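Here is a short briefing on one protein model. Look over the sequence and fold before reading the points below.

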Amino acid sequence: MVREWLPELWFEKPFLYSVKPIKPGLPVPKCANFEKDYYKCAEGVGYKRAQKECRLQIEDLMECSSGAKTRERHRTILKQRQKLIREGTYKIPDSPKTSIV
């Protein structure tokens, strides 16, 4: 079923509200371009085929909205840094000394 991998949030609000600000002058939402790409892909192939053929656009949109891969990468970097500190091959840089002129 589609709802297994598509969050309910996508279908609760119209597409234009997520891409275009309600009032002029407001900033565009951060994932608007990814959502627009998905809808362009899905529009061309239809909803059923979009589940398979637009998978890359869906993954980009999910990553933009959740940031799960970014957090995982950050955790991996911190683990590696801690490992190098324990081994003694990485020295924590000193904080820069600022002077008020």
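Accessible areas here come from the Shrake-Rupley method with a 1.4 Å probe. On that basis, the protein exposes about 8700 Å². Carbon and sulfur atoms supply 58% of that area. The model is predicted, and its average pLDDT is 78.

**Fold**
- The protein has 6 helices and 0 strands.
- Read from the N terminus, the order of elements is α-α-α-α-α-α.
- Among contacts with a separation of 6 or more, 45% link residues 24 or more positions apart.

- The protein has 101 residues, and 19% of them count as buried.
- The largest nonpolar core holds 6 residues: Tyr38, Cys41, Ala42, Ala50, Cys54 and Ile58.
- Helix 3 (residues 32-45) gives this core its largest share, 3 residues.
- Cys54, one of the core residues, is in contact with Tyr38, Cys41, Ala42 and Val45, leaving aside its neighbours within four places in sequence.

**Confidence**
- A pLDDT of at least 70 is reached by 73% of the residues.
- Helix 6 (residues 68-87) has the highest mean pLDDT among the elements, at 94.
- Helix 1 (residues 9-12) has the lowest, at 44.
- Residues 1-14 have a pLDDT below 50.
- That stretch still has 19 contacts in the model beyond near neighbours in sequence.

How values were computed. Residues are numbered from 1 along each chain as its sequence is written. This is a predicted model: local features need pLDDT of at least 70, side-chain atom pairs count only at pLDDT 80 or more; totals for chains, interfaces and linings use all residues. Side-chain values use heavy atoms; hydrogens and water are left out. Helices (H or I, at least four residues) and strands (E, at least two) are DSSP runs, numbered from the N terminus. Buried means under 20% relative accessible area, exposed over 50%, partly exposed in between (1.4 Å probe, protein chains only). Contact means heavy atoms within 4.5 Å. A nonpolar core is a set of buried Ala, Val, Leu, Ile, Met, Phe, Trp, Tyr and Cys residues joined through side-chain atoms within 4.5 Å. pLDDT is the predictor's confidence in each residue, from 0 to 100.
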